[in-house]
Amino acid sequence: MITEIRPRRLVCLTGFMGSGKSTAAGLVARQLGWQHIDLDKRITDATGLSIPEIFARMGEPEFRRIEHEQLRRVVGEFLESQKPRIVSLGGGTISQPQNLALLRENGGALIWLRCSIEELLLRCATVTDRPLFRDEASFRRLYQERLPAYESADYQVDSSAEPARVVEQILALEIFPRVIA
Ligand code: S3P
């Protein structure tokens, strides 16, 4: 039995709102027997508030501070245990340079779940829990602003497909340990 080289044990899914990060990360974790950490869930657990409540009561800068603090904890836990894990980030996490640096410095692999803006709009239009989804024009603008950060990810997969297909593409990446023979 030969195991492929270059496996990564801290894998993060990035992508715009509605790209399916949490769903895909949960499914990948289940298939690999890895831990799944959802950064937004960490934030809501830590504050006892929903994401819209945090934005409404404290504003985006405070949300970003809490997001960074929770990401540091997630990375710290990984460094301590070294157990493999997959993290679903928030849509804006890696556009904060300090978050990107933290992940890079600690060996985090980044996978961008790429999806067309039209599909993302369709997916987000009916969901009301995203404070940064205000209207179509600002949604499109934010997407464009964030593209360079997403494009800096190590890998990208097409996430306009159904979740099972997205998971297949993720698991096919070379960073996952695979039995060759
Ligand atoms: C955000 C995306 C949200 C959440 C917060 C901010 C963003 O996560 O972290 O509302 O800046 O794009 P999802 O991408 O999971 O919706």
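Helices (H or I, at least four residues) and strands (E, at least two) are DSSP runs, numbered from the N terminus. The structure is a predicted model, in which local features need pLDDT of at least 70 and side-chain atom pairs count only at pLDDT 80 or more, while totals for chains, interfaces and linings use all residues. Residues are numbered from 1 along each chain as its sequence is written, and side-chain values use heavy atoms, with hydrogens and water left out.

**Exercise 1. Find the helix that holds Tyr150, and describe the surroundings of this residue.**

Step 1. Tyr150 is found in helix H7, a helix that comprises residues 136-151.

Step 2. The relative accessibility of Tyr150 is 1%, so Tyr150 counts as buried; buried means under 20% relative accessible area, exposed over 50%, and partly exposed in between, with a 1.4 Å probe and protein chains only.

Step 3. Leaving out residues up to four places away in sequence, Tyr150 touches Thr14, Gly15, Phe16, Gly91, Ile94 and Trp112, where contact means heavy atoms within 4.5 Å.

Step 4. Although Tyr150 and Gly15 are 135 residues apart along the chain, their C-alpha atoms are separated by 6.4 Å. A polar atom of the Tyr150 side chain also lies 3.5 Å from the backbone nitrogen of Phe16.

Step 5. Ala137 is likewise found in helix H7, but at 46% relative accessibility Ala137 counts as partly exposed. Between Ala137 and Arg8, which are 129 residues apart in sequence, the distance from C-alpha to C-alpha is 38 Å.

**Exercise 2. Work out which partners surround the buried Arg146.**

Step 1. Arg146 lies in helix H7, and this residue is buried yet has no salt bridge, since the nearest side chain of opposite charge, Glu60, is 5.0 Å away. A salt bridge is a side-chain nitrogen of Lys or Arg within 4 Å of a carboxyl oxygen of Asp or Glu; as for charge, Lys and Arg count as positive and Asp and Glu as negative, with His and the chain ends not counted.

Step 2. The side chains of Arg146 and Ser95 make a polar contact (3.4 Å). Such a contact is a pair of N or O atoms within 3.5 Å; within protein, one must be able to donate a hydrogen and the other to accept it, and residues adjacent in sequence count only if both atoms are side-chain atoms.

Step 3. With neighbours within four places in sequence left aside, Arg146 is in contact with Phe16, Arg64, Gly91, Gly92, Ser95 and Leu132.

Step 4. The side chain of Arg64 makes a polar contact with that of Glu67 (2.9 Å).

**Exercise 3. Check the span of helix H4 against the expected span, and say what follows this helix.**

Step 1. The expected span of a helix is 1.5 Å times one less than its number of residues. H4 has 22 residues and reaches 32 Å from its first C-alpha to its last, close to the 32 Å expected.

Step 2. H4 is followed by Gln82, whose phi is positive, near 60°, in a residue other than glycine. Gln82 lies in the loop between H4 and S3, and with a relative accessibility of 38% it counts as partly exposed.

**Exercise 4. Describe the buried and exposed sides of helices H1 and H3.**

Step 1. The buried residues of H1 are Lys21, Ala24, Ala25, Val28 and Ala29. They cover an arc of only 130° around the axis, which puts them on the same side of H1; the arc is that of the directions from the helix axis to the C-beta atoms.

Step 2. Arg30 and Gln31 are exposed on the other side of H1, while the buried residues of this helix pack against strands S1 (10-14), S2 (35-38), S3 (85-88) and S4 (109-114) and against helix H8 (163-171). Just after H1, Gly33 takes a positive phi of about 70°.

Step 3. In helix H3 (residues 51-58), the residues Ile51, Ile54 and Phe55 are buried. They cover an arc of only 95° around the axis, which puts them on the same side of H3.

Step 4. Ala56 and Arg57 are exposed on the face of H3 turned away from its buried side, and the buried residues of H3 pack against helix H2 (39-47) and H4. After H3 comes Gly59, whose phi is positive, near 90°.
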